[in-house]
Amino acid sequence: MQVLHLPQSSIDRQFDPDRLDQTIEYYETIIDRGDEAHLNYWYLGIAYLLQEREIDAQATWFIPFERVSEKSRISPLTPNSGGTGIESPPELGDLGGVWVVDLTFQTPFENDSVDVEALTHDLASTLDRIATEKLTLNCLDNAWLISQYLREVDAAHLNNLFRSILLEIKLERFDPETLPDLDAATILGDAENREFDRQLLANLLTAILYYPSTEVCEFIEQCLIYLPKCQDESIAIVVDAVLALEHKFGSQAFFIEALEKCLAVQPDNIATLNALSKLYCNDRDYQQAINIANRAYELCGNLISKIVTNNTIIRAILTSGDWLNADGIIDRHYRLLSELVDREDELLPANTSHLVIGAAVFIACVTDRPEYFRSLQNQIAKKYLQSTQYRLPNRSRSVGFAQSIAPSSLAKRSGVIRIGYLASTLRKHSVGWLSRWLWQYYDREKFQVFNYCINQNPDDPFYQQWFGDRADVSYCFGDNVDEIIDRIQADEIDILVDLDSLTLNLTAKILAAKPAPVQVSWLGWDATGLPTVDYFMADRYVLPDNAQEYYQEKIWRLPHSYLAVNGFEIGIATLKRRDLNIPDDAIIYWSGQVGHKRHPDTVRSQLRILKAVPNSYFLIKGDTDPQIVREFFGRIAAEEGVEFDRLRFLGKVADEYTHRANLAIADIVLDTFPYNGATTTLETLWMGIPMVTQVGQQFAARNSYTFMVNAGIEEGIAWNAQEYVEWGVKLGLDRELRMQVREKLRLNRQTAPVWNAKQFTLDMEAAYRQMWAIYQAKQQEVVEDDSNN
């Protein structure tokens, strides 16, 4: 059985035996003195149970039933009744002991109406209440033991069904194959009009998804069918949990199956359809992803749902590589987004506002118009922030935060700046590969580094090696935004650095709350446009001189490159010319990008290069639909007069190390436009391979430009499509030029800024110090103004 890694719960606190003894002594004494109310027996029996005196517990609980059968009269206990003169029982909840006894809580039985059914119900209610308290206190073994006895008292107790499964999960005893033995369908089927703890169900639905199995899917479906009153919220919980787990663990058939169960219950649930489309897209079943997203769009009845769903369609179409059928969908997206920003005074709805913040990101793949894209993104971000602030309390430092969050265990030293990195990508992801060196070189005397990871596996070896073990403090959170915000504030982070940008909606929610005085965006997709983000990291090349005109954030230009690495690990190559049926003397062009970067205009330029260079071949690699990408390139090749048999389509390789080694087969790498490569570009340059890039105006269209300049070469940098073709042809025909570029790249490994991660770290630290000094100066001005007034 496969079990996904479930985050460890905190250690179950042990009860204090001395306090438990006091509790037993208390109830034994008041019963002996005449207070024989049934509740006293329930509490005494539970105390015996927790002392592992199970026979005594059962015998004690039986006494009230025995007296009912003898038609004896039982007087309910009220506070201070009976004249016992005994002090109240010890309040042990704070020590993880028995419970905090509330003597004012009694079931108001009339003396002549107490029967076995009423007593059974009251005993079950008491066991349920104490089990809930134990679970809340994280006394898991105690809660589990009480829950097992509650099953004997009331086998159909709905809360206890949920709690028992949840406790099995928390105690790592859960086996999905035991679910049918619980007879959940019968219990749930009898529970339609019964009250139950919805939060308990929510916690269970989230936790049980860590156990991929058919039994779990069937249990989820039963909960959805038999509990219709909370069906909407339960489906929303499952959808959010599945998306989070898929982000953490990658694509799995189980996640799709779970969402299919939700869809079977509510076939027209747009959120489920959108989520399912994303999962099919990640699983590379692109046609299914497109079909499901189109079905969702047909159900959309308002502007926001249309924007969110149309963005899902664009994602599926472009990721598949189906650019030739994308124009109509993209034009529709422009119209929808324009309509959104035109509604200046209209707030976004609470349940979908976070889905809108990144709805414009694919525009950067379609057109190089930063003045349009950035203006649109800034307006969307402003509207998103206004909607968020309208609903959430002010969470700034000045008004404090949740006092239940303990301060960081790491002392904050005077003169030290605390940097927090917020990301879901500190793993084998482009951001993880490129950002990792910053953690290796930071000055531990002047900076304290905190990691705030979202939906990330804390046991991932890559994360542990490069980030978890290198930071001062590391956290791996789920998707509880409030928890992350409160933690950042409790840690008193000075500068929060966002590495996700527009690639994760949860990150935008955190940034919108402004949990740190200074907030910065670096890497990711592009700047968020949120007014709560102060700076966007760049350099002198990656953004043009006039970029500040259309950025909301202050552009902070580093003196060298906005990113540097110390190189890449290389594996063993698996590609050989003879296996690809390519002659030894042929020129090999290479393009390795995901589908949404393969703009048809760039593909047309690439094939024109191929046509102009005799005895040349084009290797095409990337995560796309194999059939769609063949048809896509085939159609353009036919239009350009290029033989299809000069194209080679490469499949996936085992890992990043093999991918880099395979790059060595290429003579020239052809970049994409208007969305350049970033990781791919740096890998190409590190391998010493000439490349051709077209420089645009937007951030995404200038990554390769800055990396090439900072690697010490200008050969291959084109400023328009014509120059792109010219450079591609020139490098293909001129072997000596290729050798010169290779030699430059080899020699510059020792001196070029892009390969000097240590200097880059110094540049980033200098920027952090200046940002913090600016903030402190502004705060001082505020203090002085207040004092003058």
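View 1. Helices (H or I, at least four residues) and strands (E, at least two) are DSSP runs, numbered from the N terminus. This is a predicted model, in which local features need pLDDT of at least 70 and side-chain atom pairs pLDDT 80 or more, while totals for chains, interfaces and linings use all residues. Residues are numbered from 1 along each chain as its sequence is written, and side-chain values use heavy atoms, without hydrogens and water. Among the buried residues of α10 are I235, V238, V242 and L245 (buried, under 20% relative accessible area; exposed, over 50%; partly exposed, in between; 1.4 Å probe, protein chains only). The buried residues of α10 pack against α8 (198-208), α9 (214-226), α11 (253-265) and α12 (270-282). G250, with a positive phi near 90 degrees, follows α10.

**View 2. The salt bridge between E233 and R198.** The closest N and O atoms of E233 and R198 are 2.6 Å apart (salt bridge: a side-chain nitrogen of Lys or Arg within 4 Å of a carboxyl oxygen of Asp or Glu). The pair joins helix α10 to helix α8 across 35 residues. E233 is partly exposed at 34% relative accessibility, and R198 is partly exposed at 35%.

**View 3. The salt bridge between E715 and K744.** The closest N and O atoms of E715 and K744 lie 2.8 Å apart. E715 belongs to the loop between α28 (703-710) and β13 (717-718), and K744 to helix α30 (residues 735-748). E715 is buried at 15% relative accessible area, whereas K744 is partly exposed at 34%.

Methods. Contact means heavy atoms within 4.5 Å.
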